[in-house]
Amino acid sequence: MSSGPIQNTSLVPGGVIGDGRYRLLAQSGVDRRCDAHLWRARDGQLNRDVALTILVGSAADHAAAARAKRTAERAMHAASFTHPGVSRVIDVLTPGAGIKPEEGILAVIVAEWTQGTDLMDLIAEGPLPAGAATRLLGPLGAAIEGAHHAGLVLGADHPHRIRVTSDGRLRLAFPGPRPDAIARDDVKGLGAILYLLLTGKWALPDGPDGVPAAPTGPDGSVLAPSALHPYVPHELSSVAVRSLEDTSVGGIRTSAAILQVLDQIAQSEAQTALIEPVQDDGAVWTTQRPAHDKGRKRKLLISVAVLAVATLAVIVWLGMQIVSFFSDEPAGNGGPTVVIGQSNPPGESGQPAPPAPQPAGPVQPASVGVYDVTNQPDNANRANRAVDNNPTTVWQTENYFQPFPALKPGIGLMAGFAEPVKLASVTITSPSADTMVEIRVAGAPGAPLTETKVIATATLSAGQTQIQLNDHDPTQHVLVWITKLSGSGKNNKSEIAELVYTRAQ
């Protein structure tokens, strides 16, 4: 659909619509998916500012008129829903009821004006700290969850429709869901807004002009924020991309799941608040234009600075993750189920030649990599530490606030051998007691998990655990698949110091 010129109506500052009641002040954006022009306007009757979602098009285009009518009906239905995360709908204008079809306007949704700043202004200077993004997003996520429980769809899936309130919350300022929008679109929108806050990039189709699209991997899936900015916490990064996925495995389909992670990160922040709060001068999230500044940059800088101050507490928590992430390079393979971060054992260059036949005894894999079904491998470039014959070096998972399978069904290390081998046992050296693992054989390094075969299961003790394997055909690919991490509560993490593969007789 196009948002071209509108005949007989001039949508410019100073223009008047709605039988002369609403005078346009400034345009906030355009949602081209439904030809919606988003404006701040002045209600001349009640002498207050309002937010207008103006659906434009020709009345002769019956399909466009039907879509606009459906959007107006959905907005009217949502007028009874009240929440701080959504601007309240106060009127809906349709042809013959406030607007004239010949003006090129098909419907107008009138909502209360949200004081604050545009979301796009907030991220103009770059991505926000994870803690700030978490606090900003929470109220909008709660609004979406409440609306879905009430059987409503909000249409919170375009950044021009979102504003930042004076007290630092994201709010749907221009309600009016597209006629075909479903609850899943709100969840995707929430994930895309989180992605935008963390990266400055938009991860859904038909994004706003001037905002770069999120980069994708070889399989077309959106790269995780932590791959672009290593300091982003793993769970927050995972939530952002998994909210966008439509896959049956690993995708997040409810706002409640997003809210749970946001709440856990907020609680973790509070527990690590070791720095005294910094007093401000009261100029927080001001919407007044600073002296000698005719643009919005000053307001933006104030907003970002206050967010940075507010997130000092989380820096302590992120410190260890920053060190860990900066030592790694982002993984490069894509696909729904892949081996990522494959690396050769230290001291070898390239793929080694096939070993000579030998009797029972240890056999060294030619490669090892992190196997992950969500395309977010944990410490992918450290996988080789598990087979470097040095028990003082370890490969470790990320710390998960929720045990598997809340965010992913599991994670593992896939070993590749130079030739098919039949194994008698796998010995795992690990300090992470109570970690549960499965030993699986696969036909290829990127085989889907459902196509791998379990040949043993075990619960690890602290130290060495030798796992005897069931009879199996010789294979070149053996997966150590972690189904339960060590730890409990909000601390779920496992380490593997060494893997020893023993050839069968």
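Guide: Axes are lines fitted to C-alpha atoms, for helices over the stretch in contact, and angles run from 0 to 180 degrees between N-to-C directions. This is a predicted model, where local features need pLDDT of at least 70, side-chain atom pairs count only at pLDDT 80 or more, and totals for chains, interfaces and linings use all residues. Residues are numbered from 1 along each chain as its sequence is written, and side-chain values use heavy atoms, without hydrogens and water.

Visitor: Why are α3 and α4 called roughly antiparallel?

Guide: Helix α3 (residues 130–149) and helix α4 (residues 183–199) pack at about 170°. Their axes are 10 Å apart. Angles over 145 degrees count as roughly antiparallel. Therefore α3 and α4 are roughly antiparallel.

Visitor: Which residues make the contact?

Guide: Contact means heavy atoms within 4.5 Å. Among them are Leu136, Leu140 and Ile144 of α3, and Val187, Leu190 and Leu194 of α4. The contact residues divide into 13 nonpolar, two polar and one charged. Nonpolar covers Ala, Val, Leu, Ile, Met, Phe, Trp, Tyr, Cys and Pro; charged covers Asp, Glu, Lys and Arg; the others, Gly among them, are polar.

Visitor: How do you know that β9 and β10 pair?

Guide: Pairing takes at least two bridges found by DSSP. Three bridges join β9 (residues 162–165) to β10. So the two strands meet the rule for a pair. They run antiparallel.

Visitor: What makes β8 and β10 edge strands?

Guide: The open sheet has the order β8-β9-β10. β8 (116–118) and β10 (170–172) each have a single partner strand, so one side of each lacks a neighbour in the sheet.

Conventions:
Helix = DSSP H or I, 4+ residues; strand = E, 2+ residues; numbered from the N terminus. Parallel < 35°, antiparallel > 145°, perpendicular 65-115°, else oblique.
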